[in-house]
Amino acid sequence: MHQFHVPQHRSMRRNTSKSLIVALTAIVVPLIVATLVGLVLLWPAKSPVRSLPAMAPGVKMVTAKVTSTHEHFCHLSDPEFRQQESVCAKVTSGANKGDEVAVAVPPEVHRALHVGTTIKASYDSRATGNFYGYWDANRSLPMALLIGLYLVLVVGIARWRGMAALLGLVFSSAVLLFFVMPALMAGKPALPVTLVGISAMLVASVYCAHGISVRTTTALLGTYGGIVVTAALSYTLIPAATLSGASSDDSLLIFGLLPKANLQAFLICGVILAGLGVLNDVTITQASATWELYLTDPQQSRSQLFARSMRIGRDHIASTVYTLAFAYAGTAMPTLILALMVQRGGWDLATSASIAEEIIRTLIASVGLLLAIPLTTLVATLLVRVGEHAGKVVPAVSASYAPTAIEPEDAAATSVTTANTGKTVNTLGAVDTPDLTGHNRFGN
């Protein structure tokens, strides 16, 4: 009969794992409770959502299919109308269905239209002559196809986790559309509204997509840290740079419709919200990388694990920083082109309101990202060892756990060489052996 020494470190790790779970719960649960309380207190009772009519009184909208992009193919009876750039289109809805009419189109839109394009046109039903004006294009089919392709790829490649991520995306979009934006429009304090909304979106999307675990909570805490840094920098530097948030036509229009709106606060909230997606991406990836590196060699020290993880983190930083820059440059392309046409010095141009807004937005998001990666790595390094054993016994193999008596014929069966570390360990202990998926055999 074999006799074994009872390992003291087994009960110690159980206690450490329980303490870890209690500590994480004590941090995350108050954050969730504060988020729910904030949603209740800041939820707008009334807001200007859908308060503006889409059409003036008497104006109706119809759909039409372009039959020619040259107006001289249409039968135009109004000489004044001939002077406007227009297309010929066949009405496909409304009382005048089947009629071929001329639709006045802005010059900047005309070149994007082609025969067969379905457009939306408006006309004044009270006027004579039925003057049709271009309203918008009907993009339902290409958008539906693109959304379908996206859903198929997400579910087909990521499967159940992809479906869970889509549910998190739906919830986050609902928070943005039904809480954050209506609350800002209703005049609620912008910064608390944004932080509460981001917290709700973050908790729902992260836990829904990745499950509730120490690893996921590590990424969540890292993202919270990055958001706090981004919020602090935005709240400090945007007023210091005298950015009013009124550099675009849309902002000026909002101010005209909502005179009490604080456009600078809207800008601050936009910067914080824009940094959320990339922060969540890198913290989840960094936490997972730290976990997988730990599984390759559970005996490595925390400093070694941190150094190895940060080598991956530096690659994240190098790639994501210019990703942010190019993303903002892409959205601000018309502004940049217009600015380059003006005869101004380089630095003078960079510090102009419209350009400086994009530069500061990019730099603030990048600084939050830069600090979130080492923060997430540090938290993951501290938690991974006990987090990997939370809820299960996976003791490190040591001499104190070796059997006191082993039959000679059993000696060959009691030692193996692990594939991931190259070290010979005693198989009578519960060894945490990673499978081909990168997760341990106890599940994580």
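A pocket is an open set of grid points with protein on both sides within 12 Å along at least five of seven lines. The views below show a predicted model.

**View 1. The second largest pocket of the predicted model has a volume of about 510 Å³.** Its lining comprises 21 residues, and Ala165, Leu169, Ser172, Ser205 and Asn280 lie nearest the centre. Helices H4, H5 and H8 each contribute at least two lining residues, with the largest share, 10 residues, coming from H4. By class, the lining of this pocket consists of 12 nonpolar, 7 polar and 2 charged residues.

**View 2. The largest pocket holds about 750 Å³ of space.** Among the 31 residues that line this pocket, Met181, Leu184, Ser251, Ile254 and Phe266 are the closest to its centre. At least two lining residues come from each of H4 (140–185), H5, H7 (249–257), H8 and H12 (353–387). H8 provides the largest share, 6 residues. The lining of the largest pocket divides into 18 nonpolar, 8 polar and 5 charged residues.

**View 3. Helices H5 (residues 190–210) and H8 (residues 263–296) have axes that come within 10 Å and cross at roughly 20 degrees.** Angles under 35 degrees count as roughly parallel, and H5 and H8 are therefore roughly parallel to each other. Their crossing is right-handed. On the H5 side, the contact is made by Ala190, Leu191, Thr194, Ile198, Met201, Leu202, Ser205, Val206 and His210; on the H8 side, it is made by Ala265, Ile268, Cys269, Ile272, Leu273, Leu276, Asn280 and Ile284. The residues of this contact comprise 13 nonpolar, 4 polar and no charged.

Methods
Residues are numbered from 1 along each chain as its sequence is written. This is a predicted model: local features need pLDDT of at least 70, side-chain atom pairs count only at pLDDT 80 or more; totals for chains, interfaces and linings use all residues. Side-chain values use heavy atoms; hydrogens and water are left out. Axes are lines fitted to C-alpha atoms, for helices over the stretch in contact, and angles run from 0 to 180 degrees between N-to-C directions. Helices (H or I, at least four residues) and strands (E, at least two) are DSSP runs, numbered from the N terminus. Angles under 35 degrees count as roughly parallel, over 145 as roughly antiparallel, 65 to 115 as roughly perpendicular and the rest as oblique. A crossing is left-handed if the near helix is turned anticlockwise from the far one by less than a right angle, and right-handed if clockwise. Contact means heavy atoms within 4.5 Å. Ala, Val, Leu, Ile, Met, Phe, Trp, Tyr, Cys and Pro count as nonpolar, Asp, Glu, Lys and Arg as charged, and the others, Gly among them, as polar. On a 1 Å grid over the protein atoms alone, a cavity is a set of points where a 1.4 Å probe fits but cannot get out, and a pocket is an open set with protein on both sides within 12 Å along at least five of seven lines; lining residues have an atom within 4 Å of a point. Grid points are joined across faces, edges and corners, and a volume is the space filled by probe spheres set on the points.
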